[in-house]
Amino acid sequence: MPLLLLCTPIACASLLSKFGIPGYAVLGIGIAIPVMMLVIAYGVVNNCVRIEPRRLGFYCITLSVLILPQLLQAGTFSLDSLMMLALLHIPYVLVVVRGDELVPKALTFFFYVARLLACLAIAQYFLQGFIDNAFLYPIDNLIPQQFVVQGFNAQGTISYASTQVRATGMFMLEPSFLAQFLAVAIIAESVTNRRLWPLGLYTVGIIMAHAGTGILILLVCMPFVVFIHRRWDLLALGIGALVLVVVFGEILGLDFISNRAGEFDDPNSSGFARFVGGFYMFEDMLWPNLSRALFGYGAGAFMNYVHLFTIEVADMPVTKMIFEFGLVGAFTYFAFIASSLFASPLPRMLSVAIALTFLLNGMYVPFSHGLALGLLVLTSTRKVPLVAPNVASKTTLPKRI
């Protein structure tokens with residue numbers, strides 16, 4: 001049962017992420033979060049889970065900081081939004097009993113899922129033209145739509161003029177989630193064992209996804225992995241991969257990497273809407289009013305105001321939290337998340353990688369929460385050296401570096 005508590009969130013972030021609840025799937029609501037909550041509740045009933053007092057205290061402080069300004073300042077706020085936020089983060093105050101002993105097995109399960117997704121992604125990409133896409137993307141095309149989560153770019157092409165569909169590993173909501181999952185897997189493999197072949201498999205899977213967010217995670221984390229963990233072999237491998245990208249980039253359509261880099265200057269691009277547009281919105285609607293800058297417009301207000309702004313702005317966690325709860329609320333919330341993610345016995349660079357997924361995806365998307373709960377949050381705060389059985393080499397995992 002305790003191992004199930006760690007593996008279920010990982011499965012919900014990947015293998016179960018596409019499956020929706022009839023009547024709610026069209027709203028982008030799937031079974032992942034309810035399944036996670038039910039399994040954790042079952043663990044509580046069976047005394048497999050305990051409350052972490054420090055996290056509980058921080059959770060209560062965070063809720064107070066988020067809720068009190070809503071009640072004290074004039075204006076309206078969404079009670080449903082506040083309740084959803086509070087409910088979603090209840091598991092962050094819990095830990096699995098003796099969870100530190102199960103982390104290696106949970107990590108092994110995570111690696112197996114990553115390898116499966118990478119293999120399916122490669123098959124999806126190269127079998128197009130030989131096999132009908134309906135069979136390469138079966139969940140999206142063969143299962144009734146009321147059972148499939150909607151609102152995501154599940155079958156996007158690599159470019160506007162192309163008919164080549166980006167890989168999702170069949171199970172992921174869209175290519176960006178696949179790329180991020182495999183990027184986290186690369187970092188997890190790199191800091192827990194010295195096997196190189198899985199890294200190559202994950203890298204090819206990321207390339208098949210044609211998504212820039214996974215590459216962004218690697219660009220931030222891998223230099224630290226190389227130097228902190230002395231993985232000089234990865235530096236050589238990275239240089240070799242870069243050479244292959246340059247040589248075969250045109251054949252595989254890898255110009256998306258340079259195209260995505262230019263999105264930050266294009267107001268009509270998704271990259272600008274997700275990572276840049278919010279700051280223009282703050283400058284126009286938030287910073288001129290000190291009270292709003294400190295405490296925000298209220299829970300659920302983002303969607304009511306974003307339509308009034310001339311530049312497209314995406315519903316990203318940083319943008320949403322600052323706009324709705326101000327600098328005070330946003331700082332407290334992200335401090336609570338960080339304190340939960342970095343309490344794991346696993347190396348800190350894995351915590352950094354998963355923390356980055358929080359900044360790259362919607363706040364209520366189960367992807368980041370599943371990875372965080374399964375690999376980091378529900379594990380014990382005991383700091384011990386670990387070995388990932390059946391996956392890691394005989395080298396013991398370094399302590400918290």
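The expected span of a helix is taken as 1.5 Å times one less than its number of residues. In this predicted model, helix α18 (residues 348-360) has 13 residues and covers 19 Å between its first and last C-alpha atoms, close to the expected 18 Å.

Burial was examined for both helices. In α18, the buried residues are Met349, Leu350, Ser351, Ala353, Ile354, Leu356, Thr357, Phe358 and Leu360. These buried residues pack against α19, and also against α5 (99-126), α8 (175-192), α10 (212-228), α13 (270-275) and α17 (317-341). Helix α19 is mostly covered, with 12 of its 12 residues buried.

A nonpolar patch is found on the surface, formed by Phe227, Trp232, Leu235, Ile239, Val243 and Val247. Together, the residues of this patch have about 620 Å² of accessible area. The most is contributed by helix α11 (residues 232-252), which supplies 5 residues. Trp232 lies in α11 and has a relative accessible area of 44%. Trp232 is therefore classed as partly exposed, because this class lies between the limit for buried residues, under 20%, and that for exposed residues, over 50%.

Definitions and conventions. Residues are numbered from 1 along each chain as its sequence is written. This is a predicted model: local features need pLDDT of at least 70, side-chain atom pairs count only at pLDDT 80 or more; totals for chains, interfaces and linings use all residues. Side-chain values use heavy atoms; hydrogens and water are left out. Patches are made of residues with over 30% relative accessible area and no salt bridge: like charges are joined within 9 Å, nonpolar side chains (Val, Leu, Ile, Met, Phe, Trp, Tyr) within 5 Å. Accessible areas come from the Shrake-Rupley method with a 1.4 Å probe; for residues, only the protein chains shown count as cover. A salt bridge is a side-chain nitrogen of Lys or Arg within 4 Å of a carboxyl oxygen of Asp or Glu. Helices (H or I, at least four residues) and strands (E, at least two) are DSSP runs, numbered from the N terminus. Buried means under 20% relative accessible area, exposed over 50%, partly exposed in between (1.4 Å probe, protein chains only). Contact means heavy atoms within 4.5 Å.
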